[in-house]
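Have a look at the structure first.

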Amino acid sequence: SVPPFRLKQSAIAAALIIAVCRGFLLNFGVYYATRAMLGVSFSWSYPTAFITCFCTVFALVIAVTKDMPDVEGDLENGIETFATRFGVGRVASMATGALL
């Protein structure tokens, strides 16, 4: 988060950036780079789409729950996270439900 883009100030923007980078771009990038290195033309396959979607959801859960241990400090410093907005218990329940 650097000026003028203070994306960590928004819990939603921060979570989406983490999920897109760790979930979608990482999987897509490795898949594309591997195929390009092997000289194989690019095409989506069901297993690749599945693992990309799975990792994106998993990364979104990580992004939403990463601030749970520091909720007291975030509250004291006025930092808005999902845990400070909805409560640790509710965020943990939603994250567990998303992974099931």
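Does phenylalanine 58 count as buried, partly exposed or exposed, and why? At 40% relative accessibility, phenylalanine 58 counts as partly exposed (buried is under 20% relative accessible area, exposed over 50%, partly exposed in between, with a 1.4 Å probe and protein chains only). Keep in mind that this is a predicted model, where local features need pLDDT of at least 70, side-chain atom pairs count only at pLDDT 80 or more, and totals for chains, interfaces and linings use all residues. Residues are numbered from 1 along each chain, and side-chain values use heavy atoms, leaving out hydrogens and water.

Phenylalanine 58 sits in helix 2 (helices are DSSP runs of H or I, at least four residues, numbered from the N terminus). Together with Tyr46, Phe50, Ile51, Phe54, Ile62 and Leu99, Phe58 makes a nonpolar surface patch of about 720 Å². Helix 2, residues 46-65, gives the most to that patch, with 6 residues.

What about the cysteines? There are 0 disulfides, taking a disulfide as two cysteine sulfur atoms within 2.5 Å.

| Cysteine | Relative accessibility | Closest cysteine sulfur |
|---|---|---|
| Cysteine 21 | 41%, partly exposed | cysteine 55, 14 Å |
| Cysteine 53 | 51%, exposed | cysteine 55, 9.7 Å |

Methods
Patches are made of residues with over 30% relative accessible area and no salt bridge: like charges are joined within 9 Å, nonpolar side chains (Val, Leu, Ile, Met, Phe, Trp, Tyr) within 5 Å. Accessible areas come from the Shrake-Rupley method with a 1.4 Å probe; for residues, only the protein chains shown count as cover. A salt bridge is a side-chain nitrogen of Lys or Arg within 4 Å of a carboxyl oxygen of Asp or Glu. Helices (H or I, at least four residues) and strands (E, at least two) are DSSP runs, numbered from the N terminus.
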